[in-house]
Amino acid sequence: MLNRRRFLTLSSLSGLFPSLAFQPGSVAPAPLVISTWKQPKANAAAQAVLDRGGRALEAVEAGVRIPEADPNDTSVGYGGLPDRDGRVTLDACIMDEKGNAGSVTYLEKIMHPISVARAVMEKSPHVMLSGEGALAFALAQGFKKENLLTKSSEAAWREWLKTAKYKPIINIERHDTIGMLAMDSKGDLSGACTTSGLAYKMNGRVGDSPIIGAGLFVDNEIGGACATGLGELVMRTCGSFLVVELMRQGRSPQQACEEAALRIVKKQDYKEVQVGFLATNRQGEVGAYSIQPGFSYTVSRGGKTEVLEAKSFLGK
Ligand code: SD4
């Protein structure tokens with residue numbers, strides 16, 4: 001068992017040599033669940049898995065299935081706002097502590113794209129399946145076809161059609177894409193990210209959320225990161241991979257999230273759009289940062305769940 005002195009030595013060394021943190025056999029910080037936006041119910045579902053000794057992978061899948069099935073969450077799964085043609089198309093990915101990854105893009109009619117992404121990871125020789133192929137795979141795996149366009153999302157789309165102006169504006173759509181990272185009692189990390197993407201996107205558009213390294217990245221030796229907001233900005237900078245690599249170089253999760261957001265701000269037109277990053281490292285430190293104010297995130301640890309607001313580039 002790791003004593004306190006050895007723990008402190010490993011923690012302080014980890015700043016210089018991050019990969020030295022929590023070598024196999026060492027004891028990790030308390031189980032942890034973090035997610036983008038206000039997601040206490042999703043965190044509770046993930047926490048319940050960790051509390052019974054489950055893997056972080058099981059936890060993140062169980063956690064993000066909550067908003068996927070919630071018809072009132074208009075950014076994820078069932079009830080998600082459709083694209084310009086009225087189609088609800090879903091993007092999701094998952095990554096485990098061994099670096100295995102699975103992803104689905106442009107998936108229609110399946111309530112839980114995260115579970116299909118996990119099946120891609122575990123039951124196919126591939127990392128990513130898209131569109132009709134992803135649907136065929138899901139059906140072959142026993143997933144059921146369902147109508148995901150709720151009456152209220154359809155009504156919102158029909159209203160939008162009256163002007164059909166497409167311009168993603170900060171918080172004009174309820175941002176609720178869920179990126180979730182969990183650390184289990186063994187200290188292993190996994191992550192999941194799932195979304196219906198930007199409302200009224202062009203048909204065929206895929207965002208950052210199912211892209212390993214953009215919407216999500218996990219390296220069990222270092223930490224994990226996820227992103228939310230305008231995916232185009234995140235994809236151009238390999239956002240989540242960047243955050244993890246910055247932590248590898250010794251930045252704290254907070255410093256890494258800030259630096260990744262600044263990379264976007266430096267090169268891209270950010271004034272009217274939002275991007276938020278959320279990260280944790282092997283020590284269980286948490287960081288969050290966004291371009292615009294208003295990016296909240298949910299942290300569950302030690303029996304307590306808090307919804308916090310991230311610092312932001314344009315905030316105070
Ligand atoms: C996307 N990043 O499809 C997603 C949208 C999002 O909260 O995060 N919404 O670009």
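1. Leaving aside residues up to four places away in sequence, serine 35 touches Asn43, Ile178, Gly179, Met180, Leu278, Tyr297 and Thr298; contact here means heavy atoms within 4.5 Å.

2. A word on the source: this is a predicted model, in which local features need pLDDT of at least 70 and side-chain atom pairs count only at pLDDT 80 or more, while totals for chains, interfaces and linings use all residues. Residues are numbered from 1 along each chain as its sequence is written, and side-chain values use heavy atoms, with hydrogens and water left out.

3. Is serine 35 buried or exposed? Serine 35 is buried, with a relative accessible area of 0% (buried is under 20%, exposed over 50%, partly exposed in between, with a 1.4 Å probe and protein chains only). The side chains of serine 35 and asparagine 43 are joined by a polar contact of 2.6 Å (a pair of N or O atoms within 3.5 Å; within protein, one must be able to donate a hydrogen and the other to accept it, and residues adjacent in sequence count only if both atoms are side-chain atoms).

4. Serine 35 belongs to strand E1 (strands are DSSP runs of E, at least two residues, and helices are runs of H or I, at least four, numbered from the N terminus). Helix H2, residues 40-51, lies across E1, E5, E11 and E12, running at about 155° to E1 (axes are lines fitted to C-alpha atoms, for helices over the stretch in contact, and angles run from 0 to 180 degrees between N-to-C directions).

5. Now zoom out: eight strands form an open, mixed sheet ordered E4-E3-E2-E6-E5-E1-E11-E12 (strands pair if DSSP finds at least two bridges between them). E4 and E12 stand at the edges with a single partner strand each, so one side of each has no neighbour in the sheet.
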